[in-house]
Amino acid sequence: DSARNGFSFKGIKDYLECYRSGKLTPSQVAKNIIAMLEDCDKSTPPLRAIVQWDQEQIMLMAEASTTRYRNKCTLSCLDGIPVCLKEEFKVVPYHHRVGTVYLGTQPEAEDATVAKKLREAGAIIIGVSNMHELGTGTTGCNPNRYHKIPRNPYNPNHFTGGSSSGSAAAVAAGLCPVAIGTDGGGSVRIPASFCGVVGLKGTFGRISCHGCLPLSYSTVSVGPICTSVADAAIVYSILAEPDLLYPYGLKQPKATLSDMCAPDLKGLKLGVDWTFFKACDAEVLSACEKAVKHLQSLGASVVEVSLPEMEEARVAHVICILSEMRDFLQPDFNKHFHEMNLETRASLALASQFTALDYIKANRQRTRTMRFLQEIFSTVNCILTPAIPCTAPRIYESDLLTGSSDMSFTVRSMRFMQLGNFTGIPGLVVPIGYSTAGLPISLQVMAKWWDEAVLLRIGLKLEQFRDQTKKPSIYYDILA
């Protein structure tokens, strides 16, 4: 717990305090959320964070939680906590559209593993959140009739980032303190960074992807987007375990939060490749360099490392993720081409130019890059980079009608993200400040496979660097 002056986001702890003291019940909170969701849809422009929700479903979960609090038999510290899940997950009874107009024609009858676990923990699922169509971009721009463009709560004229765009917007706007996203090329960490909240991409396989559309089976990890590092740790500790229905995570070591609350960072070595680190906007660089100094002041040492073949790894990641998506979406591409957004068509058309030889070479590069990382992690505990080289881009009128396709922005926004997706290592982004225009800036911490605990330990200390939290211009205080 860190006491703060001025604005602070309402997190899990605030909800639990209200429930335990009897100040509010989960049912009262649910009614507030329903009123806010109605308001979001009517506002100008509409927030478009949550794209499907059901009043009756929300109230059922909230009333069950209220009864548990009354009888003092709560299920976990997520009992009564509002959460949303990216539309990429199957969530009963919503449509599993995955950002499209043609998928999920019938309401879902079975939950994804993550949705099931959240229900078992007593969470109130407030709906499914907006996403970039089929997860194919990093802006969150999705102009189709079911989705529209989610707005950045810090400035509604700017994008949220993607592809877990609605998840980050919902958390930053106060609709829920916890959202779940997927990350194949930065899709949890980019929107979390642009919207000024915390995003954790687990190690590949750490959190089950079962019940999630398998767009790219070798790069995608699941992770929480939260208002604080402590909340991300709570959600992670509940979701991170093997799932018999998801083979990639079966042999994982037990998830721990060891030393997370250590008083300082003594003994930790933070690796920085300064050449790689510095390829970002001046404002971003300045904030990130100061944040690194802050970690040093807490006893950590900064070690210069060299991340070899980053350009090769970048290209190889693009080949892997796009080839796998193109393979999985072959029937959609043939049958629903004209129902897809223009940007999705362009990305999948580009993907169809890759050959089997390209894919094999890309995976050889993956083996090399993982070997380089093994060596680096034998000398340091983590690698630090800015989260994204720039702040959230502006939304133009034409984006609302035809969408946005800016390859140079896509490439740039993924610069510091791809290493984690390509090799499966975990990554955490923490907001550290704001640009002169008031848009959030974040730092990223990456660690070796299965070592999320060290990320959370460093993340907690990183949060203390931000001397103030700016209140988003769109913010709903559900507990007020």
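Helices (H or I, at least four residues) and strands (E, at least two) are taken here as DSSP runs, numbered from the N terminus. The model is predicted, so local features need pLDDT of at least 70 and side-chain atom pairs count only at pLDDT 80 or more, whereas totals for chains, interfaces and linings use all residues. Residues are numbered from 1 along each chain as its sequence is written, and side-chain values use heavy atoms, with hydrogens and water left out.

**Annotated region**
- The UniProt record, an unreviewed entry, carries the annotation "domain: Amidase" over residues 35-456; such annotations may be inferred rather than shown by experiment, and their positions are given in the numbering used here, with feature names shortened.

- S187 sits in the loop that runs between β4 (178-183) and α6 (189-194), and S187 is buried at a relative accessible area of 7%, where buried means under 20%, exposed over 50% and partly exposed in between (1.4 Å probe, protein chains only).
- Leaving aside residues up to four places away in sequence, S187 touches K86, G162, S163, S164 and T182, a contact being heavy atoms within 4.5 Å.
- With S163 there is also a side-chain to side-chain polar contact of 2.9 Å; the term denotes a pair of N or O atoms within 3.5 Å, and within protein one must be able to donate a hydrogen and the other to accept it, while residues adjacent in sequence count only if both atoms are side-chain atoms.

**Packing of α2 and α3**
- Helix α2 (residues 26-42) packs against helix α3 (residues 55-70) at an angle of about 160 degrees, with the axes 7 Å apart; axes are lines fitted to C-alpha atoms, for helices over the stretch in contact, and angles run from 0 to 180 degrees between N-to-C directions.
- This makes α2 roughly antiparallel to α3, a label given to angles over 145 degrees.
- Residues of α2 that meet α3 include A30, I34 and L37, and those on the α3 side include I58, A62 and Y69.

- In α4 (residues 113-120), the residues T113, V114, A115, K117 and L118 are buried, and their cover includes β2 (82-86), β3 (124-129), β4, β6 (221-226) and α7 (229-239).
- After α4 comes G122, which has a positive phi near 90 degrees.
- T344, in helix α12 (residues 342-351), is buried with a relative accessible area of 1% and touches E133, L134 and T136, not counting residues up to four places away in sequence.

Terms used
Parallel < 35°, antiparallel > 145°, perpendicular 65-115°, else oblique.
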